[in-house]
Amino acid sequence: MQKEVVVSGIRPTGFLHLGNYFGAMRNYVRMQNDYDCYFFVANWHSLTTHPDTKELKNSVHRVIAENIACGLDPEKVALYVQSDVPEIAELYLYLNMLSYKGELEKTATFKDKVRLQPENVNAGLLTYPVLMAADVIIQRAVKVPVGKDQEQHLEMARNFAERFNHRYGEVLPLPYAFNYGDELIKIMSLDGNGKMSKSENQLATIFLADDNDSIRKKIMKAKTDGGPAEPNSTKPDYIQNLFTLMKQVSTTDTLQKFEADFNASSTGNCIIRYGDMKKQLAEDMVQFIDPIREKAADIQNNQELLHKLIKMGAEKARMRASETLKIVREAIGLNY
Ligand code: TYM
């Protein structure tokens, strides 16, 4: 039986963090045995916000190295760099004709970026979701493992594919955002302000390249409060975030103990000790990140290996991409 096709990408705009790992990379690793997987570094996308390319090569190499260090096997999946697959750019051109200025301007991430970089509202930024749709559709993917923040982009990709099919014939499968379990994941910043991200408060972001002391310090500074007012309270989002992280890296017993302490706590009877919880979480996080950091550094220092793997990934990715372009060109009638 043919395996379902999966695509996902990561921008090389900085160091990868726990949001990238738990929102996306962990699923990549789980999916690699059961699906036909295409994972890539979205370096074209990074040019929409980071025109200075001094650090770009290093960052691309780091993303590849960190993905492998997290357990991705470049022999099993296609692990490649977006700009090595020129077929994506041609499909992007066709999809641009099917996307409208109004809907692109309404995209949440576009509005955010306009606010953040009013001096550089370039056309690439506006058509960011179109390029992303091209990344996915070029491999005719049906599942796209991403975090919650990418949900709207995936809806748009599906719309573009539907419009293409409507206009030129049913040739493209429709892609869906994917996570094991029901919901897409959002890891919050440890200061409780919005999502964990590559560019915002670095002291509240845990990077896969952080040393053990930084990990401990950042977790010990994470936002908490005086504890719940009543037993079995709903957790504030910054507390829930600590439990979410604990669920990922600690044992079930540890998680259950702190859950029980939280649920039994109330004003005047605070059983949960956030200081202890953070200390435990910090140690478990160190155990989790330490081997990833060391392995990623080894791979990143091996330029020859990286070069070989990137070339192999591009070849695999271009095989299916060129098949798709053939289908697309024929459907449009660009076959002379
Ligand atoms: P990027 O580089 O911002 O993030 C890479 C992946 O990490 C997820 N993620 C998070 N998940 C949970 N909590 C967070 N705090 C968090 N921060 C990041 C993202 O959802 C993403 O899955 N536009 C994409 C890159 C891209 C792409 C694609 C993805 C380009 N083309 C095609 C899928 C398919 C982006 O900027 O991801």
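Is the crossing of α10 and α13 left-handed or right-handed? The crossing of these two helices is right-handed, that is, the near helix is turned clockwise from the far one by less than a right angle.

The model is predicted: local features require pLDDT of at least 70, side-chain atom pairs count only at pLDDT 80 or more, and totals for chains, interfaces and linings use all residues. Residues are numbered from 1 along each chain as its sequence is written, and side-chain values use heavy atoms, with hydrogens and water left out.

Select helix α10 (residues 212–220) together with helix α13 (residues 274–301); their axes lie 9 Å apart at an angle of about 150°. Helices here are DSSP runs (H or I, at least four residues), numbered from the N terminus. Axes are lines fitted to C-alpha atoms over the stretch in contact, with angles from 0 to 180 degrees between N-to-C directions. The two helices are therefore roughly antiparallel (over 145 degrees).

Next, display the contact (heavy atoms within 4.5 Å). From α10 it includes Ile215 and Ile219, and from α13 Leu281, Met285 and Ile289, among others.

Now select tyrosine 21, in helix α1 (residues 18–31), and phenylalanine 288, in helix α13, 267 residues apart. Rings of Phe, Tyr and Trp (its six-membered ring) pair if their centres lie within 6.5 Å, and planes over 60 degrees apart count as edge-to-face. This pair is edge-to-face, at 5.1 Å centre to centre and 70° between the planes. Both residues are buried (under 20% relative accessible area, 1.4 Å probe, protein chains only).

Technical notes:
Parallel < 35°, antiparallel > 145°, perpendicular 65-115°, else oblique. Phe/Tyr/Trp six-rings, centres within 6.5 Å; stacked < 30°, edge-to-face > 60°. Buried < 20%, exposed > 50% of the residue type's maximum accessible area, 1.4 Å probe, protein only.
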